[in-house]
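Keep the viewer open as you read.

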Amino acid sequence: NIQPKLAAFFFALSALTSVSAQDEVYRYMDAFLDEAGNPNPAVYAEDKLHLNAEGYRTIQPVIAPFLK
């Protein structure tokens, strides 16, 4: 059952997002959330765990500075 794993993932994502307000290193996590702080369904594949093409397009410019 994937539901407990998804719940744990989104709990961790939420925790990291609160840290992101304080630490720029975690800023990229915000790209996975909508304005309400919920997981943004537009960036996830049907399994709601992995990114879809839009998710990768969204995250690429956010993480690029950290990869240089």
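## A charged pair on a helix

Arg57 is exposed, with a relative accessible area of 55%. Here "exposed" means over 50% relative accessible area, "buried" means under 20%, and "partly exposed" is anything in between (1.4 Å probe, protein chains only). Before going further: this is a predicted model, where local features need pLDDT of at least 70 and side-chain atom pairs count only at pLDDT 80 or more, while totals for chains, interfaces and linings use all residues. Residues are numbered from 1 along each chain as its sequence is written, and side-chain values use heavy atoms, with hydrogens and water left out.

So what does the side chain of Arg57 meet in a salt bridge? The partner is Glu54, at 3.2 Å from N to O. A salt bridge here is a side-chain nitrogen of Lys or Arg within 4 Å of a carboxyl oxygen of Asp or Glu, and the structure holds 1 of them. Glu54 is partly exposed at 35% relative accessible area. Both residues sit in helix α2 (residues 53-67), 3 residues apart, which is about one turn of the helix. An α-helix has 3.6 residues a turn, so residues three or four places apart point the same way. Side chains of opposite charge can pair when their charged atoms come close.

The protein has 2 helices and 0 strands. Helices (H or I, at least four residues) and strands (E, at least two) are DSSP runs, numbered from the N terminus. With 15 residues, α2 reaches 20 Å from its first C-alpha to its last, close to the 21 Å expected at 1.5 Å a residue; that expected span is 1.5 Å times one less than the number of residues.

Where does the kink of α2 lie? Look at Gln60, shortly before the proline Pro61, for a kink of about 40 degrees. The bend at a residue is the angle between axes fitted to the seven residues ending there and the seven starting there.

The buried residues of α2 are Gly55, Ile59 and Ala64. Gly55 has a relative accessible area of 2%. Ile63, also in α2, is partly exposed at 27% relative accessibility.

## The core and what it gathers

Which residues make up the largest nonpolar core? There are 8: Leu13, Ala31, Phe32, Leu33, Val43, Tyr44, Leu51 and Ile59. Such a core is a set of buried Ala, Val, Leu, Ile, Met, Phe, Trp, Tyr and Cys residues joined through side-chain atoms within 4.5 Å. In soluble globular proteins, nonpolar side chains tend to be buried together.

Leaving aside neighbours within four places in sequence, Ala31 is in contact (heavy atoms within 4.5 Å) with Val43, Thr58, Ile59 and Val62.

## The loop between the helices

Ala45 is in the loop between α1 and α2 and is partly exposed at 26%. Not counting residues up to four places away in sequence, Ala45 touches His50, Leu51 and Asn52.

Lys48 is in the loop between α1 and α2 and counts as exposed at 53% relative accessibility. Its phi is near 60 degrees, a positive value in a residue other than glycine. Most residues other than glycine have a negative phi, and most peptide bonds are trans.

Ile2 is placed in the segment before α1 (3-20) and is partly exposed at 40% relative accessibility.

Some C-alpha pairs worth checking in the viewer:

| Pair | Apart in sequence | C-alpha to C-alpha |
|---|---|---|
| Ile2 and Asp47 | 45 residues | 9.1 Å |
| Gly55 and Tyr44 | 11 residues | 6.2 Å |
| Ala45 and Gly55 | 10 residues | 8.5 Å |
| Ile63 and Ala31 | 32 residues | 9.9 Å |

## The whole chain

Of the 68 residues of the protein, 22% count as buried. The accessible surface comes to about 4900 Å², of which 59% belongs to carbon and sulfur atoms; areas come from the Shrake-Rupley method with a 1.4 Å probe, and for residues only the protein chains shown count as cover. Among contacts in the protein with a separation of 6 or more, 37% are between residues 24 or more positions apart.
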